[in-house]
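Subject: Structure for you

Hi,

Here is the structure we talked about. Please open it alongside these notes.

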Amino acid sequence: MNDKLISKGFRTRKNSFYQKNLREPFTISRSKFSNFIDCPRCFYIDRVKGLKEPSMPGWALNSAVDDLLKKEFDKHRIEKTPHPIMKEYDLNFIPYDHPEIDKWRQSLSSGISYLDKETNLIIKGGIDDVWYDLDKEELVVVDYKAQSNKIPVETEAYLEGKYHQGYKRQMDIYVHILRNMDFKVSDTTYFMVCNGEKTNDFFENRIDFKTVLVPYKSDPSWIPNKIKEMKNILESDKIPEYNIECESCIYLASSTTLI
């Protein structure tokens, strides 16, 4: 196989994969933490062996919705006024105004983070938004979700969805990080779900969205132990076993039998 092709598949920056006996803290993003939970083997191959995951195309329409919502909420953030969705759901909230809110929303360059001293791992992530509960004087984590589904968005069904379990885990991690940054954070978080309606007869250069707030009571209690497990995996000299529930593991295991 072409050596150049092989080299492109591996990480080259030293801080992008884990090395033992380093004194400097090692950063784990929220997405990589989730990858560890989904499949320790794939996580290990990536973070320790340095084999990059195949790249994926971006979600352009979802990103556009996120960007527009951030502009919309920033207007109310500056004016210290509630967004209409807050009034609709009878929430005495305003968008939280913090000098580093823009950095908090940049998952690649900055985001929110804290150092887990026991493991010497920095846990970080990029949030979509934070609101402020004026009654309880605490932060409320919010995540924007754009989708297009014929089924109306209902709280119980949304939270029980197979592919939404990772969304809930994502919220747990954000709450955990902000609390370790010494903020008072509500257990209740919100998914702001913007559902692109498919009921129009014609496109006419627009998609109508119906926006629903889905409350989720976060539970970050599982996180400290998982961070310890993740550290142990990083320190291990042995690649974890294949995960029969991981599509990547199944694909790689099957492909070797064909070569």
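The largest cavity holds about 60 Å³ of space. (On a 1 Å grid over the protein atoms alone, a cavity is a set of points where a 1.4 Å probe fits but cannot get out; lining residues have an atom within 4 Å of a point. Points are joined across faces, edges and corners, and the volume is the space filled by probe spheres set on them.) A search of the whole structure finds one cavity of 30 Å³ or more. Tyr 18, Phe 26, Asn 120 and Lys 231 are among the residues lining the largest cavity.

This is a predicted model: local features need pLDDT of at least 70, side-chain atom pairs count only at pLDDT 80 or more, and totals for chains, interfaces and linings use all residues. Residues are numbered from 1 along each chain as its sequence is written, and side-chain values use heavy atoms, with hydrogens and water left out.

Next, a helix pair. (Helices are DSSP runs of H or I, at least four residues, numbered from the N terminus.) Helix 3 (residues 40-47) and helix 9 (residues 223-235) have axes that come within 10 Å and cross at roughly 55°. (Axes are lines fitted to C-alpha atoms over the stretch in contact; angles run from 0 to 180 degrees between N-to-C directions.) Helix 3 and helix 9 are therefore oblique to each other. (Under 35 degrees is roughly parallel, over 145 roughly antiparallel, 65 to 115 roughly perpendicular, the rest oblique.) On the helix 3 side, Pro 40, Phe 43, Tyr 44 and Arg 47 make the contact. Helix 9 brings Met 230, Ile 233 and Leu 234. (Contact means heavy atoms within 4.5 Å.)

Best wishes

Technical notes:
Helices (H or I, at least four residues) and strands (E, at least two) are DSSP runs, numbered from the N terminus. On a 1 Å grid over the protein atoms alone, a cavity is a set of points where a 1.4 Å probe fits but cannot get out, and a pocket is an open set with protein on both sides within 12 Å along at least five of seven lines; lining residues have an atom within 4 Å of a point.
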